[in-house]
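Open the model in your viewer and colour it by chain. Then follow the stops below.

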Amino acid sequence: MSILVGNETRLCVSGITGSEGTFHSLRNRDYGTNVVGGVTPGKGGQDVDGIPVFNTFHEAVAETDANTAMIFVPPRFAADSILEAEDAGVELIIAITEGIPAHDELRVYNTLKKNGRARLVGPNCPGILSPGKASVGIIPASFFKSGNVGVVSRSGTLTYQIGNVLAQEGFGNSTIVGIGGDPVPGTDFIDVIGMFEEDPETDLIVMAGEIGGDNEERAADFIAENVTKPVIAYIAGFTAPPGKTMGHAGAIVSGSSGGAAAKAEALEAKGVRVGKTPTEVAQAAVALLGGAD
Amino acid sequence: MDLLEYQGKQLFARHGVPVPSGKPARTVEEAVAAAEEIGYPCVVKAQVQIGGRGKAGGIKVAQNREEAEQHARAILGMDIRGLTVHELWIEGASEIASEYYASVIFDRSAKAPLLMLSTKGGMDIEAVAEETPEAIARLHVDPLLGFCDFHGRRLAFEAAVDADVVRPVGAMLAKLYETFIAEDATLVEVNPLIVTPDRQVKALDAKVTLDDNALFRHPENAELRDLSGEDPQERMAKERGLTYVKLDGDIGILGNGAGLVMSTLDVVALAGGAPANFLDAGGGSKADAITSAVEVILSDPKVKAVLFNIFGGITRCDEVARGLIEAFAQINPTVPFVVRLDGTNDVEGRALLAEAKLPNVYAESTMDGAAAKVVELARGASA
């Protein structure tokens with residue numbers, strides 16, 4: 001098993017006819033993901049290298065039974081596209097789009113929560129990869145192999161870096177989940193860590209956080225109460241000065257809260273090991289599991 | 001993006017939040033003309049995005065034309081905690097019976113707007129929050145429902161505002177919430193919200209932060225951006241669409257993706273170096289963006305060595321290599337570069353760099369190795 005995406009995934013891509021949307025949809029399909037359709041209003045009836053394009057998510061779901069959506073449209077259209085996918089009954093919506101207005105994210109988050117029928121991962125995330133099964137998003141899948149380490153991260157490229165150092169120690173991954181760096185993520189650490197705890201293929205959980213917000217602190221409490229599997233955490237941004245936004249809309253230190261040191265302390269206080277560099281994360285994994293299986 | 005006080009007040013006025021009438025001024029002459037029009041007494045207020053303006057002498061009351069001129073002359077060009085005053089706001093002086101505090105903030109943790117109201121306004125609200133948290137009434141608003149009048153009443157009663165102003169304070173909260181939503185703000189703060197002796201309520205100050213990602217919906221707000229207070233390198237980067245934050249050290253950093261760049265800063269610091277900047281070239285950067293980024297990094301004269309740390313996903317390493325080669329052709333840097341390329345098209349990127357044989361460019365295969373190398377080079381340069 002793996003979590004969120006796998007052999008059961010039937011993917012429909014919003015924005016499949018855009019250049020980036022086409023490129024990554026085909027890359028995901030080449031990896032083995034079952035890409036059943038795409039949505040671009042006004043281009044229904046066309047196809048992208050054999051993948052049928054629909055005008056609406058409702059039509060796409062009716063025709064293809066899609067259960068997963070990937071959102072690849074520009075920020076001003078993204079919130080609407082997420083809401084459309086949810087309204088059409090898609091259960092898992094993965095939003096890659098970066099730069100969605102904060103108030104749109106708030107409306108989307110609260111609508112999905114109220115309706116309670118779909119999970120949003122992202123926005124502003126690299127997607128989800130279950131090595132050997134399915135890749136949805138922009139993660140360079142060839143760098144990862146299947147294994148027993150589950151990774152959840154707020155940052156895309158940092159995920160690759162951590163996956164890479166783990167791979168150099170011989171570890172593979174059950175699933176890699178990018179939850180995104182925005183202020184209102186649809187899915188947070190707690191959700192994903194809970195799924196890894198239940199996943200029989202995951203023996204070790206790595207969470208890569210960064211400055212800003214209180215997700216890491218809340219994850220620390222959750223882990224202490226609910227997680228039996230070992231967890232290793234990494235926090236980026238020890239050298240970030242307070243009051244500055246560090247690229248991710250969510251990565252801002254306000255006063256003493258949300259800083260890297262405070263997050264590391266909160267996690268360590270609950271018994272979670274914290275690596276100060278990606279390399280230290282890999283070393284901690286070796287120490288815990290005694291090398292890859 | 002943070003607005004100046006008067007820009008915030010102009011937004012407030014558009015949404016019916018009562019504010020004292022006033023005029024902006026960029027010169028002494030404009031300030032005097034504004035004061036004459038508004039009448040006396042009036043207040044001459046420095047417009048800079050930093051607190052403590054009053055203590056620094058940036059807010060003065062003028063009783064007549066001579067005083068208005070004198071204050072405008074003194075405040076324009078004044079340095080307030082590192083920021084130069086380029087603009088003034090002249091407004092009619094208000095009589096104050098009580099000073100309250102009101103705000104709407106984007107509460108990431110609760111994923112809902114948070115309204116706050118307190119009768120302990122006019123002072124440092126952070127200190128109030130710390131010492132007497134019960135003095136601040138708080139209420140989350142369901143963003144799908146929006147503001148209801150009972151929210152205003154509940155906050156006003158909980159904060160124990162004077163009974164005769166419960167209704168107007170509630171009405172002001174409704175309008176502040178409307179401003180927050182309509183303008184895509186992430187912060188709307190009024191400190192102090194005043195009650196005048198004739199029982200009017202007014203916003204005497206305005207602190208507004210707008211969501212940059214939503215500026216496409218508000219072209220008129222996008223024009224308010226004030227780059228004058230920003231660091232020259234940060235301004236240059238912003239003009240080129242790069243995310244750059246100036247730091248104090250001497251090692252220039254470029255990476256792709258905010259998390260990896262933050263991590264790179266940490267790894268360099270652990271290796272004993274001091275990063276000069278945070279620069280996220282972003283996802284899918286093309287060669288010209290990289291060339292631009294090198295220019296921004298090197299425009300900081302403190303930089304003694306530069307580290308490129310790229311893990312390509314959507315970014316292609318061959319594009320990064322081309323950008324660096326182009327930067328060398330255009331600006332011929334004199335400081336050493338350490339380059340680590342991994343991920344999409346890394347083999348092609350490394351081959352391009354090897355062929356180009358750029359002077360003073362060192363390839364490293366790991367992030368830790370690259371950090372150690374750049375620290376060593378920066379030390380060599382300062383020895």
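Two residues are in contact if their C-beta atoms, placed from the backbone, lie within 7 Å. This is a predicted model: local features need pLDDT of at least 70, side-chain atom pairs count only at pLDDT 80 or more, and totals for chains, interfaces and linings use all residues. Residues are numbered from 1 along each chain as its sequence is written, with chains lettered from A and ligands numbered from 1 in the order in which they are written.

**Stop 1: the domains of chain A**

Select 11–121 as domain 1 and 144–289 as domain 2 of chain A; such bounds come from an automatic or database domain assignment. Their centres, taken over C-alpha atoms, are 27 Å apart. Eight residues of domain 1 of chain A are in contact with seven of domain 2 of chain A. On the domain 1 side, α4(A) gives the largest share, five residues. Helices are DSSP runs (H or I, at least four residues), as are strands (E, at least two), numbered from the N terminus.

**Stop 2: chain A against chain B**

Now show both chains. Here 46 residues of chain A are in contact with 41 of chain B. α4(A) again gives the most to the chain A side, with eight residues.

**Stop 3: helix α2 of chain B**

Select residues 28–38 of chain B. Ala31(B), Val32(B), Ala34(B), Ala35(B) and Ile38(B) are buried (20 or more other C-beta atoms within 10 Å of a residue's own; exposed means 12 or fewer). They share one side of α2(B), because they cover an arc of only 160° around the axis, taken from the directions from the helix axis to the C-beta atoms. The face turned away carries exposed Glu29(B) and Glu37(B). End at Gly39(B), which follows α2(B) and has a positive phi, near 95°.
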